[in-house]
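Hi there,

I'm passing this structure on to you, as promised. Could you have it open while you read my notes below?

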Amino acid sequence: MVTTAGTAITPKLVHSLYVEAMVLADEARSYFDRHSREDRLKLDPVVRVGFSCESLKVTTRLMHVIAWLLTQRAVEAGELSAARARAPARRLGDAPESDPAMLEKLPESALSLVQASQELHARVKRLEEGSVSQEPQASPARSLLSRLERAF
């Protein structure tokens, strides 16, 4: 368990964020694959391209979050060491930036998904930054065991 500025990255927290990310990914897939057709057709051709780019950015943000959360689950399951989980390749990927001018032109449903993906990515980024900036704390039980071993 890694502690960050008063927040512990626990299996329960990772699971909760994972479920949230998967639900959001499913909502995004459903909207962008099926329900956005009418919204897209109402847009100017240039805005349609921006709309498509934003759908890819939403997907990218969510996939970065899901990959990071799966890495945390692997650490908890003992499948990956905490040190290897902090390797640059296992870090949370940067969120693609969205153009505020383009966001103003998007349908409300699309804008809602973009903002939700940005907020989720930002929350997970804060968790990751806190866990990387702090050294893992020693287990109190191991500390006591070490003291006992030294005493005898």
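Which residues does Leu69 touch, not counting residues up to four places away in sequence? They are Val14, Leu17, Tyr18 and Ala21, where contact means heavy atoms within 4.5 Å.

First, some housekeeping. This is a predicted model, in which local features need pLDDT of at least 70 and side-chain atom pairs count only at pLDDT 80 or more, while totals for chains, interfaces and linings use all residues. Residues are numbered from 1 along each chain as its sequence is written, and side-chain values use heavy atoms, with hydrogens and water left out.

Now the overall layout. The protein has seven helices and two strands, taken as DSSP runs (helices H or I, at least four residues; strands E, at least two) and numbered from the N terminus. From that end, the order is β-β-α-α-α-α-α-α-α.

Helices H1 (residues 11-35) and H3 (residues 45-76) pack at about 155°, their axes 9 Å apart; axes are lines fitted to C-alpha atoms over the stretch in contact, and angles run from 0 to 180 degrees between N-to-C directions. The two helices are therefore roughly antiparallel (over 145 degrees).

Then there is the core. Phe32, Leu69 and Leu120 touch the most other members of the largest nonpolar core, which has 30 residues. Such a core is a set of buried (under 20% relative accessible area, 1.4 Å probe, protein chains only) Ala, Val, Leu, Ile, Met, Phe, Trp, Tyr and Cys residues joined through side-chain atoms within 4.5 Å. H1 gives the most to this core, nine residues.

Best wishes

Technical notes
Parallel < 35°, antiparallel > 145°, perpendicular 65-115°, else oblique. Buried < 20%, exposed > 50% of the residue type's maximum accessible area, 1.4 Å probe, protein only.
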